[in-house]
Amino acid sequence: MNPFSWQACDSVDAATGALNEHTKAVAGGTNLLDLMKAGVMRPPALAHVAGLPLAAIEDDGAGGLRLGATAHNADTAYHLLVRERYPLLTAAILAGASPQIRNMATNGGNLLQRTRCHYFYDTAVACNKRSPGSGCAAIGGLTRYHAILGASEHCIATHPSDMCVALAALDAVVHVRSVRGARAIAFQDFHRLPGDHPEQDSTLAADELITHIALPDASRFVNNSVYLKFRDRASYAFALVSAAAALDVGADGIVRDARVALGGVAHKPWRMRAAELALIGETATLPNFEKVADLLLAGAVPQRDNAFKLSMARRAVVRALEQALNGTIDNTDAGEQHE
Ligand SMILES: Cc1cc2nc3c(=O)[nH]c(=O)nc-3n(C[C@H](O)[C@H](O)[C@H](O)COP(=O)(O)OP(=O)(O)OC[C@H]3O[C@@H](n4cnc5c(N)ncnc54)[C@H](O)[C@@H]3O)c2cc1C
């Protein structure tokens, strides 16, 4: 482990005053500290933000919620208002990691967790994300877990978060603050495609602190939303492919609104409004669900080992939409205790 300084921040001003290119925020530490132990990241200074008064989950007065950046993933998933208004988000968070990790991990940290590309974690090989300009050992390597959409010649890594796939589908907005002021970032603009700068995962500046995530009213989706996660093991594994689907369907079977987002296929949660619009005003039927999947996956380019992701993602979208049509899946496991 390299030496680093540690500053415990007790106010948002202290945190924003501390953050810069050298001083990184650390919240639950479940990703950043692992990366530091592996020598993948070597920040010389850490600003501990977990104790900031940013853990509230609050009604916004307009049917939406504000999720504090330092609220734990478990507290967010099990919060009564989240369960009632955003069962899709609860399902997505609970599909990720393990109870212990979700108890420690925070919402802000979940958004900024880094790729699980094994070449990124292996400091003995080239990685443009870890060391810009060094090359990409994943391209031409073992690519079972890699991107099929939006990749570049410099990086084929995927974004690993489950929570973010649901937040993308729910049109979340990320609120951030720095000494320069506050700004709001639409979720679709928060994470980036790799392009020429795969070392940049998001559009957050080095001196910006995530304060909260705003969720607009999504009551029309409450009864018809699903998060599906396909993975190598039943638990404690990242998604090969995941799909968030939410439908607003009239009594006549016509779709009034639809949301679909894919995880495990790109450098960011993959959502395309044009694909959703193709369903709006149409009947909620299998051929129309298949059309959404085809539009969403148009332009997909599999790597050597992950062509299976194409058919898996197509089936995930169709199945998620079918299941959403039949109701909302609750994976909170009524017997599960959250300590
Ligand atoms: C074994 C294991 C299995 C896992 N499985 C899954 C899984 O299946 N699905 C899944 O989605 N996730 C999974 N995770 C990832 C886990 O969800 C993340 O590690 C966690 O959400 C990160 O949150 P944290 O608070 O610990 O972040 P930290 O490690 O503290 O920070 C992560 C990043 O966020 C930045 N950051 C944190 N808070 C802020 C803030 N307020 N403002 C600005 N920057 C901030 C930090 O600077 C850092 O870059 C797994 C993790 C482990 C260790």
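**The sheet**

Strand E5 (residues 65–68) and strand E8 run antiparallel and are joined by 4 bridges. The model is predicted. Strand E8 also belongs to the elements that contribute two or more residues to the shell around the ligand.

- Arg66 has Ala214 in E8 as its bridge partner.
- The open sheet has 5 strands in the order E4-E5-E8-E6-E7, and the pairing is antiparallel.
- Strand E4 (57–59) and strand E7 (181–186) are at the edges; each has a single partner strand, so one side of each lacks a neighbour in the sheet.
- From one strand to the next, the twist averages 20°.

**The shell around the ligand**

- The ligand is surrounded by 33 residues, and the closest are Ala25, Gly29, Thr30, Thr106 and Asp162.
- By class, 15 residues of this shell are nonpolar, 12 are polar and 6 are charged.

**Polar atoms at the ligand**

- Asp162, one of the closest residues, has a polar side-chain atom 2.7 Å from a nitrogen atom of the ligand.
- A polar backbone atom of Ile210 lies 2.8 Å from a nitrogen atom of the ligand.
- In the side chain of Asn73, an N or O atom is 3.5 Å from an oxygen atom of the ligand.

**Burial and contributing elements**

- The ligand taken alone exposes 980 Å², of which the protein buries 93%.
- Strand E2 (23–26), helix H2 (32–37), helix H7 (107–111) and strand E8 (209–215) each give two or more residues to the shell around the ligand.

Conventions. Residues are numbered from 1 along each chain as its sequence is written. This is a predicted model: local features need pLDDT of at least 70, side-chain atom pairs count only at pLDDT 80 or more; totals for chains, interfaces and linings use all residues. Side-chain values use heavy atoms; hydrogens and water are left out. A residue is near a molecule or strand if one of its heavy atoms lies within 4 Å of it. A polar contact is a pair of N or O atoms within 3.5 Å; within protein, one must be able to donate a hydrogen and the other to accept it, and residues adjacent in sequence count only if both atoms are side-chain atoms. Accessible areas come from the Shrake-Rupley method with a 1.4 Å probe; for residues, only the protein chains shown count as cover. Ala, Val, Leu, Ile, Met, Phe, Trp, Tyr, Cys and Pro count as nonpolar, Asp, Glu, Lys and Arg as charged, and the others, Gly among them, as polar. Two strands pair if DSSP finds at least two bridges between them. Axes are lines fitted to C-alpha atoms, for helices over the stretch in contact, and angles run from 0 to 180 degrees between N-to-C directions.
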